[in-house]
Protein chains: 2
Amino acid sequence: MSRADFHSNLDKEFGALTELWSPRVVAAANGQYVKVAKVKGEFVWHAHAEEDEFFLVRKGTLIIRYRDRPDVTLREGDFHVVPRGVEHMTAAPEECWVVLVEPAATKHTGDTESDMTKSIEAQTAHLRE
Amino acid sequence: MSRADFHSNLDKEFGALTELWSPRVVAAANGQYVKVAKVKGEFVWHAHAEEDEFFLVRKGTLIIRYRDRPDVTLREGDFHVVPRGVEHMTAAPEECWVVLVEPAATKHTGDTESDMTKSIEAQTAHLRE
C-alpha cells in the first residue's frame, strides 16, 4: 500500500463508503488491517480458521449470530472479538457502521466464497489512487 | 487472560480507568491488544523497535511529536499509526481518551524504562479479577 502515513478520521472514512458490505482498509499495523464497513441486512455464514476478528460499532446495531453459543448484540461503542474457527454470521436490522481489526490476510467471508465476497485488492483500492 | 469472550463497551471501559497514563487491555485478537488509556500532560520519548502503534482518539486532543517529521494532532475520531522504530512522544493539553491497538508484547514506553512505565501485568490485572 502506498499510504505509509495513516492519518485520517473514522467518520471521514465512513463517509467515503458508498457500498454496503464492502470493507475499506483505513490503516495497517503489525500485519493487521483496520477497516470500516457499512452493513445492512444479513451476511453469509462463515468462519476464519486462523484469525480472530475484532468488531467495534460506530453507529447502529450489529447482531453477531453463532451456531454454538448465544448471539451477541452490539450497539454504538460496543465491541466484541469473534474467536478464530468459530462459525458466525453478522446481521444489521438498519444500516450499521462497523470498525474491524483483523489480519491483513483475512477474507471477510472467511472460507466461504460468496457473491458478497470483496477481495483484499478491492478493499485497499483507494490507497493506490 | 481469563476473559475469553471480549464483549464490552468502550466508554464503560474508559469509565473504569481511574489513573492517567495507565493503559487498560480491553480485548485480545491475533496477538494484538486493544487498550484504552486516559492521558494528560506529556509522556516520555520512546520508540518500539519492532512494533507499530495504532492510535484512535475517543475524546479530547492528542499530539504525537516526532523528532524527524511533523507533529500529528489527533482530535475526536482521528486515528494515526506510529511506525515501528520511530521515536515519538505523546502529549495532551487536556485529559484525552485514547484507544490503542498494538502487539501484546509492546511496552507502552518502548525501549525507555521510566517512572511512567506500567507492566503488561498491570495493564491486564482487571481481566484476572
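Author: Buried means under 20% relative accessible area and exposed means over 50%, with partly exposed in between. Please keep in mind that this is a predicted model. Arg65(B), which is placed in strand β5 (residues 62–66) of chain B, has a relative accessibility of 24% and therefore counts as partly exposed.

Reader: Which residues does Arg65(B) touch, leaving out those up to four places away in sequence?

Author: With that exclusion, Arg65(B) touches Glu42(B), Trp45(B), Asp71(B), Glu87(B), His88(B), Met89(B) and Ala91(B). The side chains of Arg65(B) and Glu42(B) are joined by a polar contact of 2.8 Å, while Glu87(B) is 22 residues from Arg65(B) in sequence and 8.6 Å from it in space, C-alpha to C-alpha.

Reader: How many aromatic pairs are found over all chains?

Author: A pair of aromatic rings is described by the distance of the centres and the angle of the planes. The search of the whole structure finds six aromatic pairs over all chains. One of them is the stacked pair of Trp21(A) and Phe43(A), with 4.6 Å centre to centre and 10° between the planes, and both Trp21(A) and Phe43(A) are buried.

Reader: Why is the pair of Phe14(B) and Trp97(B) stacked?

Author: Planes under 30 degrees apart count as stacked, and the planes of Phe14(B) and Trp97(B) are at 20°, with the ring centres 4.9 Å apart, so this pair is stacked. Because Phe14(B) lies in helix α1 (residues 10–15) and Trp97(B) in strand β8 (residues 88–103) of chain B, the pair ties together parts that are 83 residues apart in sequence. Phe14(B) is buried at 0% relative accessibility, and Trp97(B) is buried at 13%, with Lys59(B) lying over the face of Trp97(B) at 3.9 Å from the ring centre.

Technical notes. Residues are numbered from 1 along each chain as its sequence is written. Chains are lettered from A and ligands numbered from 1 in the order in which they are written. This is a predicted model: local features need pLDDT of at least 70, side-chain atom pairs count only at pLDDT 80 or more; totals for chains, interfaces and linings use all residues. Side-chain values use heavy atoms; hydrogens and water are left out. Helices (H or I, at least four residues) and strands (E, at least two) are DSSP runs, numbered from the N terminus. Buried means under 20% relative accessible area, exposed over 50%, partly exposed in between (1.4 Å probe, protein chains only). Contact means heavy atoms within 4.5 Å. A polar contact is a pair of N or O atoms within 3.5 Å; within protein, one must be able to donate a hydrogen and the other to accept it, and residues adjacent in sequence count only if both atoms are side-chain atoms. Rings of Phe, Tyr and Trp (its six-membered ring) pair if their centres lie within 6.5 Å; planes under 30 degrees apart count as stacked, over 60 as edge-to-face and the rest as tilted. A charge sits over a ring if NZ of Lys or CZ of Arg is within 6 Å of the ring centre and within 35 degrees of the ring normal.
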